[in-house]
Amino acid sequence: MELMRLLIMVLSIFYSAKTSNGDGFLVYDYYKETCPLAEDIVRHNVEVAAYKDPRLAASLLRLHFHDCFVMGCDASVLLDSVEGMTSEKQAGPNLNSLRGFEVIDKIKYLLEEECPLTVSCADILAMVARDAVVSRGGPTWEVLLGRKDSLKSSFNGANQFIPAPNSSLESLIDSFKAKGLDMEDLVALSGSHTIGRARCASFRQRIYEAKPEYHHGSDRYRRYTTFRRILRSICPVTGRDHKDHEGVIKEQVWAYASNQKLFFASFAKSMIKMGNINVLTGNEGEIRRNCRFVNT
Ligand code: HEM
């Protein structure tokens, strides 16, 4: 078992060394000496937040994804707008939709008390995502750490790189490929939608316009039309755009439903891979004092 763990560690470190951007690379136990309580503080606060509001777990997981797909996992998503720089929070895929920022603020505040200017906001997002998944009964994994925070945000990048709910399968595959993620990652990570919610605006088009491709009369067709009827009753043709309700679960996720062990293993592997996208390390970027603003 120990040998297996060691092997996984070595392989992961090798992998992260190849994928990281800077002079350093991501490692386990990065804060072991400098902030030994970091992981405990993060875990405890995610548990408390998700206990009070279970949906927050989903929202926190999504924050890490929306961070990593824009410039890389550098906490750019957390920056507020300042003169001359519009935040990613204002971009189409995030506005009125992305949430959980207060949880990150609280964790960052506590970490600054415990060990000032040590734990990056980008690493907090990666740890929080893992702990959020665990809090909803999902798999766990060891988070590689050592990311630095960006000095800017990218409003345009958020509009460009975060996939839209009506994207074709081809464009989803392309957008993941551009980030070094393959089809297996796309399917596994889409499984994130087994938790959380979506607004009517995110899938109305699909439930009113789409024609099912399934064979009429088949079980699959019946399930599809029933599900669609339920969603239509919750989301009328117009209105309720900001009212939340259960989101459409991606069909690929259902493929994993019969083998939870496989889904969990694939999901954890893909999350580690996603967490490595264009990370800043070494002297790149900075460790923000407040995740909403760059240090002056
Ligand atoms: C494959 C491309 C993806 C598309 C097109 C997509 C699209 C969406 C949309 C439209 C919503 C609902 C947003 C709203 O209505 O407010 C959503 C929610 C969510 N997404 Fe994705 N997503 C994708 C990939 C991912 C990935 C890779 C993750 C995590 C690793 C993720 C995690 C989540 C979670 C957890 C929620 C629920 C958030 C909440 O309840 O606050 N998504 N996604």
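Modeller: Happy to! A nonpolar core here is a set of buried Ala, Val, Leu, Ile, Met, Phe, Trp, Tyr and Cys residues joined through C-beta atoms within 7 Å. Please keep in mind that this is a predicted model.

In the largest such core, which has 61 residues, those touching the most other members are Leu60, Ile124, Leu125, Val128, Ala129 and Ala132. Two or more residues each come from α2 (38–52), α3 (55–68), α4, α5, α8 (183–190) and α12 (260–274). Helix α5 gives the largest share of this core, ten residues.

So let's look closely at α5 (residues 121–135) and its packing against α4 (residues 101–114): the angle is about 120 degrees and the axes are 11 Å apart. The crossing of α4 past α5 is right-handed. On the α4 side, Ile104, Ile107 and Lys108 make the contact, and on the α5 side Cys121, Ile124, Leu125 and Val128 do. Sorted by class, this contact has six nonpolar residues, one charged and no polar.

Leu60 is itself, like Val128, listed among the residues that touch the most other core members.

Another contributor to the core is α8. Its axis and that of α7 (residues 169–177) come within 9 Å and cross at roughly 105 degrees, which means α7 is roughly perpendicular to α8. There, Leu172, Ile173 and Phe176 of α7 meet Met183, Asp185 and Leu186 of α8, a contact with five nonpolar residues, one charged and no polar.

Conventions. Residues are numbered from 1 along each chain as its sequence is written. This is a predicted model: local features need pLDDT of at least 70, side-chain atom pairs count only at pLDDT 80 or more; totals for chains, interfaces and linings use all residues. Axes are lines fitted to C-alpha atoms, for helices over the stretch in contact, and angles run from 0 to 180 degrees between N-to-C directions. Helices (H or I, at least four residues) and strands (E, at least two) are DSSP runs, numbered from the N terminus. A crossing is left-handed if the near helix is turned anticlockwise from the far one by less than a right angle, and right-handed if clockwise. Two residues are in contact if their C-beta atoms, placed from the backbone, lie within 7 Å. Ala, Val, Leu, Ile, Met, Phe, Trp, Tyr, Cys and Pro count as nonpolar, Asp, Glu, Lys and Arg as charged, and the others, Gly among them, as polar. A residue is buried if 20 or more other C-beta atoms lie within 10 Å of its own, exposed if 12 or fewer, and partly exposed in between; C-beta atoms are placed from the backbone. Angles under 35 degrees count as roughly parallel, over 145 as roughly antiparallel, 65 to 115 as roughly perpendicular and the rest as oblique.
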